Amino acid sequence: MTAAWRLLLGAGIVFFVLLIGLPFWWVVTGSFKVPQEIIARTPTFIPRSFTLQHYDLLLSASAYGTYLLNSLLVAAASTLLTLLLAVPAAYAFFRIEFRGRATLYRLILLAYAFPSIVVLVPLFATFARLGLVDTRLALVLVNTAFALPFAIWMLRAFFAQIPPEIEEAARLDGGPPLVVLWRILLPLIAPGLGAVAIFAFVSAWTEYVFASVLILTDALRTLPVGFAGIIGQYQVNWGLLLAGATLAILPVVALFALIGRWFVTGLTEGAVK
Amino acid sequence: MTGAASGRQGRLAALLAAPALLLLGAVLAWPLLSAVLLSLQDVRIVGSQGAFVGSANYEKVLADPAFWRAARLSLGWVLANAVLQTALALAAALILHQGFPGVRVARTWIVLTWIVPTVVVVMIWRWLLSTSGGMINPLLVSTGLAERPVGFFATPEAAFMSLVFINSWRWFPFIALMILAGLTRIPADLHEAARVDGAGPWQRFARITWPLLAPTLAVLLVIGTLLSFNVFDIIWLLTGGGPAGSTRTLPVLIYETAFRGYRVSEAATIAVLSTLVLMAFAVLATRSLALSGADR
């Protein structure tokens with residue numbers, strides 16, 4: 001590698017670290033600064049003050065804690081349901097030969113070819129008839145439905161990597177297909193499960209549109225919708241809003257620190273196969 | 001495989017796939033069909049009944065300048081995002097494909113912008129770009145790059161470009177990882193052979209990386225188009241379609257028509273028209289990709 005090339009690479013790395021990292025650095029450190037420092041004319045890179053007053057106000061004066069809990073609940077349930085539905089479906093699609101499976105598979109991927117807002121109006125009417133409007137279950141169903149096609153597609157690569165002999169041997173040992181799936185195949189596709197879990201959790205965690213229409217009671221609001229309300233209410237109380245942003249980032253970052261590697265593998269492996 | 005065995009296999013497959021298909025049918029397919037029905041009726045408030053009016057809604061929408069303006073804005077939105085997003089993603093993917101200390105950490109954490117809620121993304125950038133306080137404007141003014149704070153959302157053009165930047169900022173890492181996957185698929189010995197033959201980095205990129213990566217990029221362009229067309233929350237939360245309707249893309253128009261204007265059937269009509277265009281685009285694009293042998 002020539003010196004000029006190395007310099008270019010270094011400059012590129014610095015550019016992307018700043019592009020992605022700097023906003024988050026400012027937000028997280030800003031949430032601990034006193035108000036005077038936040039609105040200072042010359043922004044400080046390294047904070048000069050430390051306070052928890054924004055967090056105190058956020059958690060005592062608004063229903064932020066409730067929103068956070070609702071979001072965690074909805075995202076966790078959506079993740080679980082996505083895994084429960086996607087694994088058997090992916091197994092059926094990629095390990096079992098049946099007529100029409102190619103057509104069905106293509107139909108499923110069409111789920112991303114229309115604007116999701118299209119289904120919002122009819123879905124609201126259907127959910128109203130079923131008594132599902134204003135329940136967190138409605139959000140779980142919607143989030144799962146939108147995560148499923150991608151989840152099934154992602155698991156494909158992981159199922160494809162398992163040599164057929166392993167499954168064959170397990171079946172000859174006398175296990176019915178479901179036991180083989182549970183005991184032999186699931187441990188082999190663990191990274192794929194991690195990738196799907198992250199995708200489902202993140203989709204549910206960030207979803208705004210459906211949550212804003214399908215939930216009417218404030219106490220059932222998820223974080224994106226609740227926080228949007230707080231933003232409208234505390235327009236220029238930047239400290240409070242920065243604290244809210246930091247707390248909203250925290251859970252996904254923690255999850256990503258645990259199994260983020262798997263997600264990246266899942267995404268890249270999925271595209272390879 | 002004997003007939004009986006394949007029949008049993010088929011039943012097992014149906015049983016395993018049924019729960020997922022049922023949910024997809026109930027939450028996606030059925031409402032999609034209902035939207036088509038709604039567009040042929042005259043329903044005003046969500047959940048109420050309306051008379052069958054045939055193609056009246058379609059005639060009304062197609063004669064409405066607001067629809068065509070939103071369609072033009074959506075086209076501009078998709079194109080601008082495609083350019084910025086792909087350029088950033090390609091550069092990031094090429095960097096992540098190199099070996100440098102910390103590359104594994106970088107590959108994982110690059111998607112940080114995608115895993116936080118859009119409402120947080122919106123809040124972050126509204127603060128950073130704010131004219132009163134914020135971060136970017138004080139920096140621009142104190143370094144002398146701007147005389148007075150820049151109104152990033154004040155004029156129609158500025159608001160549109162700011163939104164494109166923020167949306168691309170959120171999505172480019174996701175696309176970058178997909179491109180990275182395409183890059184790792186290119187056999188390393190091709191590069192090695194070219195290096196032995198004396199090809200420089202630029203030549204290797206132009207002769208090996210680019211041609212072999214083109215199919216991946218084409219597929220991602222289709223996916224990216226669908227993704228950016230659908231973006232609603234970033235626009236709605238940042239500008240609400242303004243100023244002066246300059247960021248009212250089709251999804252925003254659909255939402256406003258249904259939930260602000262209480263003209264549900266008209267909203268469904270716009271939605272059906274958008275879906276038809278998007279699906280036609282997706283089918284045509286994937287077909288031409290398949291013909292050029294890039295499907296795989």
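**Close-up views of a predicted two-chain model**

**View 1. V122(B) sits in helix α6 (residues 118-128) of chain B.** This is a predicted model. V122(B) is buried, because 26 C-beta neighbours lie inside 10 Å, and 20 or more are enough to count as buried. Leaving out residues up to four places away in sequence, V122(B) touches I234(B), L237(B) and L238(B). L112(B) is ten residues from V122(B) in sequence. In space, the two C-alpha atoms are 14 Å apart.

**View 2. A176(B) is among the residues that touch the most other members of the largest nonpolar core.** That core holds 169 residues. A86(A), A151(A), L155(A) and F199(A) share this standing with A176(B). Helix α7 (residues 136-161) of chain A gives the core its largest share, 17 residues. Around A176(B), the contacts are A89(B), A92(B), A93(B), L96(B) and I110(B), again without residues up to four places away in sequence.

**View 3. Chain B meets chain A through 73 residues of chain B and 74 residues of chain A.** On the chain B side, helix α1 (residues 3-39) of chain B supplies the largest share, 18 residues. The chain B side divides into 54 nonpolar, 16 polar and three charged residues.

View 4. The mean pLDDT of chain A is 84. A score of at least 70 is reached by 97% of its residues. Where pLDDT is low, the predicted coordinates should not be read in detail.

Terms used:
Residues are numbered from 1 along each chain as its sequence is written. Chains are lettered from A and ligands numbered from 1 in the order in which they are written. This is a predicted model: local features need pLDDT of at least 70, side-chain atom pairs count only at pLDDT 80 or more; totals for chains, interfaces and linings use all residues. Two residues are in contact if their C-beta atoms, placed from the backbone, lie within 7 Å. Helices (H or I, at least four residues) and strands (E, at least two) are DSSP runs, numbered from the N terminus. Ala, Val, Leu, Ile, Met, Phe, Trp, Tyr, Cys and Pro count as nonpolar, Asp, Glu, Lys and Arg as charged, and the others, Gly among them, as polar. pLDDT is the predictor's confidence in each residue, from 0 to 100. A residue is buried if 20 or more other C-beta atoms lie within 10 Å of its own, exposed if 12 or fewer, and partly exposed in between; C-beta atoms are placed from the backbone. A nonpolar core is a set of buried Ala, Val, Leu, Ile, Met, Phe, Trp, Tyr and Cys residues joined through C-beta atoms within 7 Å.
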